[in-house]
Amino acid sequence: MRYLINTQEQPSAARNIWEDCSKIIKLEIKEQPFVTWFSPVKPVELTADKIILQIPNIYFAEWIDSKYKSLIHRALKQTTGLDLKYEFRVVEEDFGNPDIPEPPVELKIKSAPIKTSPQVPNGLNPKYTFDNFIKGESNELAFSAAHAITQNPGKNPFNPFFIYGGVGLGKTHLIHALGNKIAVDFPEKKVIYLSTDVFTQEFFDSIRDNKINEFSAFYRKMDVLIIDDIQFLKNKEKTQDLFFNIFNILHQHNKQIVLSSDKPPKELQGMEDRLISRFNWGLTADIQPPAYEMRIAILYKKAEDIGITISHEIMDYIAINITSNIRELESCLIKLLANSALNFKEIDLNLAKSTVREISTAKRVAVNIDVITKITSDHLNIDEKKIRDKTRKQEIVNARQISMYLSKEMTKLSLKNIGLHFGGRDHSTVIHACDSVKKQILNDEGFKKTVEDIKYKIELTCG
Ligand code: ADP
Ligand code: MG
């Protein structure tokens, strides 16, 4: 045995083990699949009986499991002498970063020899079903439409089906559920789920490997194409062009297209108009944050799934304090269970309180000018965009000045940068705004209170 598993030193132990394993795996498989599937894998943790591997999305887990499971087990055994298991942890990386350059595209591609592709996994996670999706007012339309589509994929008025809403509200769950049901009810139909980052990555790979034709042919053959987080196509013009073509062909042939996004189509900046107009062809449905009753229902259901019983008082406390999304409700329960096990404590209200606190702190982001502008405009009920415009309407000038003042107070940005953010204004305008706000704070109690409230909201949101 080469490794003593000391869980205190788990991150570096995990790294060492995985490094040795990778060498073995590399010897046994071809270079391209190794790079594609194993280079994104990051060892993050070691427990007494398994190593936790971080991967960028569930697609990797399914593919690696289906192809390389025994190889990995063998490699783990060889390097550690133990029957170590492995487990994936999906951490989606943000490909929405506009800094990622688009590759230069030469669309005149030589046709590469067509490889008979191995059975490609459909990317669907069987754990997400309609059965374990809790319905409520906030997701009613999205749920019923998703369900209706599964009766008659492609040949319904909901094509494309465009579902949008904030993070952790169940978009991914719902579109997997839709895909899973179609895959079961219509086994002859080709269903594929993928996240926009995987789609983009595959597109880049296909350019690199001269396989654009195969890439686009593959997607054009689908009966149901489900793409998650389509907002990440923003500013990726070439990928948008290709997606546009695939979209048209599928739609013309009555194939079902399902898309999710964090915003409604018309708010997707950096997306071509012709795509946005197509997104509106079918049905656009939103998912809202769950109301209190639904949060309670979710907590009970998830507690049952995890196998813990928690008193109503505690459920109530969590439901009142965690309001923004379902993922957080779920992770609160899991954390609560972990905190109780790790500290040998009963699950009681105190433990619930500290767990909720933990979750709300983890969520915090650093104060930044975008948050300040957003919270200020929300608070004053003003369209955020107008704050950056030239408008001289008093209420907008007011909101703009408050945002500038708070940006100066709460961030380290220079006057020049602050001015740039607000529609490219001069630094002297920012100085003037700050002075004017300071004066009004001194002279007007109501105004002072407004600024304090906004500041408080920003502090609540940020760490
Ligand atoms: P999104 O894609 O909108 O960010 P997800 O679909 O990933 O959100 O949901 C986050 C978590 O919350 C998942 O574990 C999912 O199963 C769960 N979840 C979300 N909505 C529901 C729901 N209505 N019923 C049950 N679980 C839900
Ligand atoms: Mg999602």
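The model is predicted, so local features need pLDDT of at least 70 and side-chain atom pairs count only at pLDDT 80 or more, while totals for chains, interfaces and linings use all residues. Residues are numbered from 1 along each chain as its sequence is written, chains are lettered from A and ligands numbered from 1 in the order in which they are written, and side-chain values use heavy atoms, leaving out hydrogens and water.

**Overall fold**

The chain has 19 helices and eight strands; these are DSSP runs numbered from the N terminus, with helices (H or I) of at least four residues and strands (E) of at least two. Of its 463 residues, 45% count as buried. Buried means under 20% relative accessible area, exposed means over 50%, and partly exposed lies in between, for a 1.4 Å probe and protein chains only. A contact means heavy atoms within 4.5 Å. Among contacts between residues at least 6 apart in sequence, 74% join residues at least 24 apart.

**Helices 6 and 7**

The axes of helix 6 (residues 196-208) and helix 7 (residues 212-220) come within 7 Å and cross at roughly 145 degrees. Such axes are lines fitted to C-alpha atoms, for helices over the stretch in contact, and the angles run from 0 to 180 degrees between N-to-C directions. Helix 6 contributes Phe199, Glu202, Phe203, Ser206 and Ile207 to the contact, and helix 7 contributes Ile212, Phe215 and Tyr219.

**Aromatic rings**

The structure holds 16 aromatic pairs. Rings of Phe, Tyr and Trp (its six-membered ring) pair if their centres lie within 6.5 Å; planes under 30 degrees apart count as stacked, over 60 as edge-to-face and the rest as tilted. The rings of Trp18 and Phe38 form a tilted pair, because their centres are 6.5 Å apart and their planes stand at 35 degrees. This pair links distant parts of the chain, with Trp18 in helix 1 (residues 10-28) and Phe38 in helix 2 (residues 31-38), 20 residues apart. Ring pairs also join Phe199, Phe203, Phe204, Phe215, Phe218, Tyr219, Phe243, Phe247 and Trp281 into a cluster.

**Surroundings of Ile182**

Ile182 is found in helix 5 (residues 171-185). Leaving aside residues up to four places away in sequence, Ile182 touches Ile149, Thr150, Pro153, Pro187, Lys189, Val191 and Val224. Thr150 lies in helix 4 (residues 140-151). With the same exclusion of residues up to four places away, Thr150 touches Phe130, Leu178, Lys181, Ile182 and Phe186.

The table gives the relative accessible area of selected residues.

| Residue | Relative accessible area | Class |
|---|---|---|
| Trp18 | 5% | buried |
| Phe38 | 5% | buried |
| Thr150 | 1% | buried |
| Ile182 | 0% | buried |
| Asn210 | 26% | partly exposed |
| Asp229 | 14% | buried |

**Backbone features**

Most residues other than glycine have a negative phi, and most peptide bonds are trans. Asn210, in the loop between helix 6 and helix 7, has a positive phi near 55 degrees. Asp229 also has a positive phi, near 55 degrees, and lies in the loop between strand 6 (224-228) and helix 8 (237-252). The peptide bond from Asn159 to Pro160 is cis, with omega near 5 degrees. Pro160 belongs to the loop between helix 4 and strand 4 (161-165).
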